[in-house]
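User: I would like to learn how to read the surfaces where parts of a protein model meet. Could you take me through them step by step?

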Amino acid sequence: MLTNPFAFPILSTLCYLPLAGAFFIMFFFKRSWTGLIKVFSFVVSLVGFALSLLLLPSFQAGSSEMQFVEKHSWIDAIGVSYFLGIDGISLVLVLLTTFLSAISVLSSFSAVTVRQKEYYASMLLLETGMLGVFMALDLFLFYIFWEVMLVPMYFLIGVWGGERRLYAAIKFFLYTLFGSVLMLLGILALYFLSAAPEFGIGKGTFDFLELSHLVLPLKPQLWLFLAFFFAFAIKVPMFPFHTWLPDAHVEAPTAGSVLLAGVLLKMGTYGFLRFCLVLFPEASRTLSPWMVTLAMIGIIYGAFLAMAQSDMKKLIAYSSVSHLGFVMLGIYSLTPQGLSGAVLQMINHGLSTGGLFLIAGMIYERRHTRLIAEFGGLSHKMPVFATFFAITLFSSIGLPGLNGFIGEFLILLGAFRAKFLYAAFAVSGIVLGAAYMLWLYQRVMFGSCDNPKNQILRDCTLREIVYMVPMIVLMFWIGLYPKPMLRLSEASVNHLHKIVQTAQPLR
Amino acid sequence: MSNALMLQDLFFFLPETCLLVTGVILLLLDPFLPKEKKSFLGGISVMGILASALATLCLWKENAPLFGHLYRLDPYALFFKLIFLGTTLFTFLVSFRYLSLTRLPQGEYFALILFATTGMMVMAAGMDLLSIYLGLEVMAISSYALVGFLKKERASLEGALKYFLLGAFNSGIILYGIALLYGTWGTTHLSEILNGLSRGEATSKMFLVGVAMLIAGFAFKIAAFPFHMWAPDVYEGSPPPVAGFISVGSKAASFAALLRLFLFAFKPLFAEWQGFFVFLAMMTMTVGNLLAISQVDLKRMLAYSSIAHAGYLLIGLAVGTPFGISGMLFYFVAYALMNLGAFAMIVLLAQENFRAESIEDFKGLAKAHPVWALCFLIFLLSLAGIPPSAGFIGKFYLFAGAVQSGLYGLALVAVLNSVVALSYYFRIVRNMYMMEERSSLAPSRSWTLRLSLILLAFFTLLAGLYPVPLLETVRQAGALFL
C-alpha cells in the first residue's frame with residue numbers, strides 16, 4: 001500500500017470534482033444559460049481528465065501495490081472505512097473514464113436540445129459514480145458507488161433516450177439491480193466469514209486488502225463467487241444475461257451509449273478481475289471452464305446476432321457482447337497474457353465501440369434514423385466521416401497496426417496456452433466480427449447514393465473532428481506502440497496471476 | 001410508596017404529561033377562539049411537542065421503573081418517544097396548510113394526534129401487558145377518529161369504519177391473549193413472565209394460545225400478512241398527513257411493544273417462534289410488494305409499500321441479534337423520514353379541488369418544480385433502499401442480521417423484494433421526470449410544509465452518508481435485549 005505523494009487527496013478530488021460540477025450546475029445556473037452550462041461541464045470533465053493524467057508521473061508502474069491510497073474511518077462499528085486507492089488496472093480504467101467522459105460531454109453539444117441543465121448534471125454525476133467504482137477498495141463503499149451510478153444512467157436513458165426509452169431505462173435499472181443485490185448478500189457473507197477466526201482474519205471487515213488474505217474452503221468460495229458472478233456477469237454482459245444491453249444501447253442518447261459501452265460494461269470485467277479472482281481464487285480456477293464456455297458462446301452468439309441487425313446501434317450493441325466475450329475469455333484463461341490482453345482489450349473496446357457509437361450518433365443527428373437500409377454511398381458525400389468510420393471499424397475488428405489487434409492477439413495467446421480449443425473458437429469470432437463490421441461499412445458507405453435525403457448530408461463539423469481525432473490517435477498509438485499502456489498494468493496483472501495460480505483453499 | 005418516589009415518577013412521566021396537557025388545553029381553548037384565530041392552536045401544539053421533546057432529552061440516559069413497575073423509562077423507550085415526537089412534529093408542520101384547505105376542525109385534529117402520540121409512548125414504555133394494552137387503546141381510538149376526519153367523504157368514512165370494526169375485534173383478541181397469559185402465570189408483568197420462563201417452568205397449551213393471540217393482534221397493528229388487508233383502505237380514506245402519521249407512528253409503537261414482548265419477556269422461547277417470524281417476514285414483504293406493483297392510487301401504493309416495510313422490519317425480530325435489532329431501530333428512523341416525506345408530497349400538491357393522490361398527478365413535476373421532484377426522488381430512492389440514503393443503511397443492517405444468523409433464504413427473499421419494490425417506486429420517478437405535465441401543478445406555498453420536506457430529504461440523505469451518530473444511539477437503545 002503506497003501512500004498518496006500529493007499534498008491533497010488526489011483520488012477524492014478527482015472523484016468528486018464532477019459531483020461538485022453537477023451541484024454547481026443544478027443550483028447556480030439558470031436553465032436558459034445553455035451555452036455556459038455546456039462549456040462549464042466540458043471544462044469540468046477536461047479538468048478531471050487532466051487530474052487523472054497528473055497521476056501518471058507519480059504512479060509506480062513496477063509495483064502491484066495500491067497507490068495514492070486514502071483511508072479514513074467511516075462506520076467503525078462494523079469495520080467500514082472510506083478507502084480509495086488504485087493499482088495499474090484501475091489506473092487505466094480511470095484514465096479511460098475521464099477521457100471518454102470529456103469526449104461524451106463534447107459530443108452532446110448539438111445532440112441534446114432539451115433539459116440541458118439536468119443532462120449535463122447527470123453526465124457529471126455519472127462520471128463520479130464510475131470513477132468511484134474503479135477507486136473504491138472497501139466493499140461497502142464499492143457497493144455504494146456501484147448502485148449510485150445506476151441513477152444518473154437511468155435518467156440519461158429515460159429522459160434523453162429514443163422512442164422506447166422508458167422501457168429500456170427501467171429494464172436496465174432492474175436487471176443491474178437484480179445482480180447488485182445478490183452481490184450485496186455476497187459482501188455481507190464475506191464480512192461475517194472474515195469475522196470468524198478460522199479463516200485467517202478474525203475480525204469483520206469490508207477492507208478489500210484485508211479480505212484478500214481470507215483463506216476459505218472451496219464450497220463457500222463457490223457460493224460467494226456465484227453471488228458476485230450475477231452482479232458482474234449482468235454488467236459485462238455475459239451470455240445469457242445480455243438481453244438488457246441492446247435495449248439500453250439503442251435507446252440511450254449517443255453519449256449515454258458511449259459511456260455505457262466504454263465504461264459501464266468494464267465495471268463487470270473489472271469486478272471479475274479485482275474481486276472474483278483475488279477473493280475466490282480456487283473457485284475461479286474450478287469454474288474457469290464454465291466461464292470460458294459462457295464467454296465463447298457470447299463471442300459467437302453475439303457476432304451472429306450482430307450480423308442479423310438492421311439497426312446500426314443494435315449491431316454495435318451486439319458486437320459489444322461479442323467483444324466483451326473476448327475480455328472474459330482472456331480473464332478466465334487465467335494466463336498472464338490473457339489477463340493483460342483482457343485489461344488492454346477493455347481500453348480498446350472503450351475506444352473502438354465508444355467511437356462507433358459516436359459515429360452512429362453523428363449519422364443519427366443528421367438523418368434521425370439508424371436503419372442501415374436507409375443509407376448507402378455516404379463515402380462520396382462525407383469523406384472525413386468515412387475515414388473516421390473506417391479507422392474505428394478496423395480498430396474494432398482488430399486490424400494489425402490498430403489497438404484492437406494487440407488486445408485480441410494477447411487474449412488469443414493466453415487462450416491458446418490454456419487450451420487449444422478455446423483459441424480455435426475465439427478465432428472464428430474474429431472472422432465473424434470482420435464479416436458483420438465490413439458488411440455494415442459496405443452497406444452504409446459504399447455503393448451509389450440513391451436516397452435523396454442522403455444527398456445533402458454535411459461532412460463532419462470542426463467539433464466532431466475535435467472529439468474524434470484524439471480517439472483515432474489513441475487507437476493508432478496503442479496499436480503501434482502498446483508497451484507504455486501494457487506496462488502500466490503489467491505488475492498488477494502478474495500479481496493477480498500469481499494469486500490465482502498459487503492460492504490454496506482451506507482444507 | 002413514599003411521596004418522594006411518586007414525585008420522581010411524575011417527573012419521569014413528563015414527556016407524556018406535556019402532550020396530554022397540551023391536548024386538553026387545545027380542546028378547552030378551541031370553542032372560545034374566533035374562526036380566524038384557529039391557526040393559534042397549531043402553534044400551541046407545536047410548543048407542546050417541543051416541550052415534550054425537551055423533557056425526553058433531559059431524561060436521556062435515565063433507566064428506572066415507574067408506577068410500581070408497570071412502566072419503564074429506559075433508553076429504548078426514550079428512543080421511541082423521540083421517533084413519535086418527530087413523527088408528530090412533522091405531521092403537524094405538514095398539516096397546517098392541509099387543514100385550512102379542507103376546512104377541518106383544527107382543535108380536535110391536533111388534540112387527537114397528541115393523544116394518539118401519548119398512547120404510542122405508553123406502548124413503547126409499558127412493562128406490563130396491561131399498560132401496553134392501555135397505550136394501544138388510547139392510540140387506536142384516537143386513530144379511528146382521525147381516519148374518519150373527512151366526514152363528507154365516503155372513502156374516509158368507509159376507512160374509519162373498517163379500521164374501527166377490525167381494530168375493536170383485534171383489541172378483543174389481544175385482551176383475550178393477555179387473559180390467557182394471566183391464567184397461566186398469574187401475572188401480566190413482563191419481568192415476571194421472563195423469570196417464570198427462564199426458570200424453565202413448563203409452558204402450557206393455554207400459554208401458547210395466548211402468545212399466538214398476541215402475535216395475531218400485533219401483526220394486525222403492524223399490517224403484517226395475513227392481517228394486512230385493512231391498511232390500503234384506511235390509508236386511502238384518511239387525510240394524507242394522518243395516513244403518514246398512522247403508517248409510521250402506529251407501526252413503530254406496535255413494533256416497540258412487540259420487541260419488548262418477544263425479545264425480552266418471551267426470550268427463552270426464542271428458538272421456538274423464530275421460524276414463525278421468518279415465515280411472517282417473508283410473506284409480508286412479498287405480498288406487500290407484489291400487490292403494490294399494480295396500484296395507481298399513490299396512497300394505496302404507499303400502503304402496500306408500508307406492508308412490505310413491515311416485512312423488512314420483521315427480519316429484525318426474526319433474528320434478534322445486535323445487527324438485527326440495531327437495523328430494526330435504525331430502520332424505524334429511516335422509515336419515518338422517508339414515509340412522512342412521501343405522504344407530505346401528496347399534501348404539497350393538493351389543491352382545493354384537486355387531490356394529487358394518483359401517481360398520474362405527478363407527471364411532469366420535475367420540469368415545473370425540480371426541487372420538489374428532487375425531494376420526492378430522495379424519498380423514493382430511500383424507500384427502494386438505493387444508497388446513499390437512510391433506507392439503504394437500515395436495510396443493510398437488517399439483511400446483515402439475516403445473513404449473520406444463517407437465514408440465507410430470508411436474506412435472499414428480502415433482497416429480491418427490494419428489486420420488485422424498485423419497479424413500482426420508479427413508476428413515480430418516471431412520471432415525474434419522463435412524462436409531460438398533464439394538469440397544472442401548484443405546490444403549496446406553506447413554508448412549514450416546504451421546510452419539513454427539505455428537512456426530511458436532508459436527514460434521509462445525511463443518515464445515509466454519515467449514519468454513525470444514529471447507529472450509536474440505536475445501539476444504546478437496543479442494549480436492553482442483549
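**Reading two interfaces**

Analyst: In chain B, 58 residues of domain 1 are in contact with 56 residues of domain 2, where contact means heavy atoms within 4.5 Å. This is a predicted model, in which local features need pLDDT of at least 70 and side-chain atom pairs count only at pLDDT 80 or more, while totals for chains, interfaces and linings use all residues. Residues are numbered from 1 along each chain as its sequence is written, chains are lettered from A and ligands numbered from 1 in the order in which they are written, and side-chain values use heavy atoms, with hydrogens and water left out.

User: Into which domains is chain B divided, and how much area do they bury between them?

Analyst: Domain bounds come from an automatic or database domain assignment, and here they give domain 1 (15–265) and domain 2 (266–482) of chain B. Buried area is the accessible area (1.4 Å probe) that two parts lose on being put together, summed over both; for these two domains of chain B it is about 5,100 Å², with 78% on carbon and sulfur atoms. On the domain 1 side, B:Phe90, B:Phe225 and B:Leu263 lose the most area to domain 2 of chain B, together 15% of what that side buries.

User: How many salt bridges are counted between domain 1 and domain 2 of chain B?

Analyst: A salt bridge is a side-chain nitrogen of Lys or Arg within 4 Å of a carboxyl oxygen of Asp or Glu, and the count between domain 1 and domain 2 of chain B is two. Elsewhere in the list of pairs, B:Glu236 forms a salt bridge with B:Arg300, their closest N and O atoms being 2.6 Å apart.

User: How many salt bridges are counted between chain A and chain B, and what area is buried there?

Analyst: Between chain A and chain B the salt-bridge count is zero, and the buried area is about 3,100 Å², of which carbon and sulfur atoms give 85%. The contact involves 31 residues of chain A and 37 residues of chain B.

User: Which element gives the most to the side of chain A that touches chain B?

Analyst: Helices (H or I, at least four residues) and strands (E, at least two) are DSSP runs, numbered from the N terminus. The elements giving two or more residues to the side of chain A that touches chain B are strand E1 (67–75), helix H5 (139–148), helix H6 (150–160) and helix H7 (165–195) of chain A, and H7(A) gives the most, with 15 residues.
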